[in-house]
Amino acid sequence: MRVAGIANQTSLYYQRLSSGKKINSAADNAAGLAIAEKLLRQSNGYDMGTRNAGTASDMLKVSDGALSSITDSLQRIRELGVQAGNTAIYGADDLSSIQQEIDQLKDHISTVASNTQFNGKNLLNGSANGLHVASGPDGGGSTIHMPNSTLEALGIADFDVTKDFDLSVIDKALDQVSGSRSSLGAKSNALDHVMNFNQYASFQTTASRSRIEDLDYGSAVSDLKKNQLLDAYRMHMQRKQADDFGRVIKLLQF
């Protein structure tokens with residue numbers, strides 16, 4: 001029985017050395033295993049939350065690029081509107097030519113608003129309102145409200161310099177798009193902070209789990225060698241005792 005116990009102890013040391021863990025089954029440390037599994041669940045949650053936040057941040061960058069293109073078009077429409085207001089020089093044919101360029105710019109805005117997508121999801125046509133970002137380790141997070149940047153939502157669908165027009169509707173559209181970009185930029189910054197925190201929390205959680213279940217190789221090898229030496233000494237003493245007992249029995253037989 002003693003020899004079997006020594007063999008089992010040695011086998012346990014080798015199992016730990018080969019796996020790099022001091023907890024390889026619930027029998028090794030039931031409470032420690034439960035805590036380590038909970039910490040692993042948290043660190044995995046933080047890592048996935050970081051990836052989710054990063055993906056959402058990429059989506060916001062796509063949206064900002066599209067809104068920047070819409071801003072450029074609106075700025076040009078405003079320039080043409082100011083030009084069309086110079087009726088002292090321009091006649092009906094001139095205004096019609098100006099309107100043709102404005103219509104092309106409006107078509108561009110409409111195309112951008114309708115076709116800007118991320119992973120197949122439309123972002124700027126008003127259908128992506130209230131997108132949940134699972135950036136927390138438990139699936140919680142924040143909500144992103146994507147702007148509706150269609151011509152109707154911007155209030156410029158009927159803008160026409162060949163008729164009576166109000167340039168302030170373009171100014172309002174520019175303010176609306178600028179406000180949307182500011183809001184999305186703030187959300188992007190917030191996601192960056194979330195990613196930084198998640199990475200820090202994941203590192204600390206993983207470090208805590210490592211202290212519970214990972215093996216200290218130096219200490220483990222030292223303990224193995226010490227136990228091997230002690231076991232060899234015990235075996236030697238047992239053999240010596242058996243030899244001494246045998247000699248005593250022989251003496252008693254005479």
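Asn119 sits in the loop between β1 (117-118) and β2 (121-122); helices (H or I, at least four residues) and strands (E, at least two) are DSSP runs, numbered from the N terminus. Asn119 has a positive phi of about 55° although it is not a glycine. Most residues other than glycine have a negative phi. Asn119 counts as exposed because its relative accessibility is 78%; exposed means over 50% relative accessible area, buried under 20% and partly exposed in between (1.4 Å probe, protein chains only).

Before going further, a word on what you are looking at. The model is predicted, with local features needing pLDDT of at least 70 and side-chain atom pairs counting only at pLDDT 80 or more, while totals for chains, interfaces and linings use all residues. Residues are numbered from 1 along each chain as its sequence is written, and side-chain values use heavy atoms, with hydrogens and water left out.

Asn119 also takes part in lining the largest pocket, along with Asn52, Thr55, Ala56, Met59, Phe118, Lys121, Leu131, His132, Val133 and Ala134. On a 1 Å grid over the protein atoms alone, a pocket is an open set of points where a 1.4 Å probe fits, with protein on both sides within 12 Å along at least five of seven lines; lining residues have an atom within 4 Å of a point. The space in this pocket comes to about 220 Å³, a volume being the space filled by probe spheres set on the points, which are joined across faces, edges and corners. Sorted by class, the lining holds six nonpolar, four polar and one charged residues; here Ala, Val, Leu, Ile, Met, Phe, Trp, Tyr, Cys and Pro count as nonpolar, Asp, Glu, Lys and Arg as charged, and the others, Gly among them, as polar.

Helix α2 (residues 30-84) also holds Ser73. Is Ser73 buried or exposed? Ser73 counts as buried, because its relative accessibility is 5%. Leaving aside residues up to four places away in sequence, Ser73 touches Leu105, His108 and Ile109, where contact means heavy atoms within 4.5 Å.

One of these partners, Ile109, is among the residues with the most contacts inside the largest nonpolar core, as are Ile70, Leu74, Ile144, Met146, Ile156 and Phe159; this core has 37 residues. Such a core is a set of buried Ala, Val, Leu, Ile, Met, Phe, Trp, Tyr and Cys residues joined through side-chain atoms within 4.5 Å. α2 gives the most to this core, with 11 residues. For a look at Met146, find Met59, Leu60, Ser63, Leu123, Leu124, Ala128, Leu131 and Leu184, which Met146 touches when residues up to four places away in sequence are not counted.

For a contrast, turn to Asp138 in the loop between β3 and β4 (142-145). Asp138 counts as exposed, because its relative accessibility is 69%.

Now zoom out to the whole chain. Six helices and four strands make up its secondary structure, in the order α-α-α-β-β-β-β-α-α-α along the sequence. Of the 254 residues, 31% are buried.
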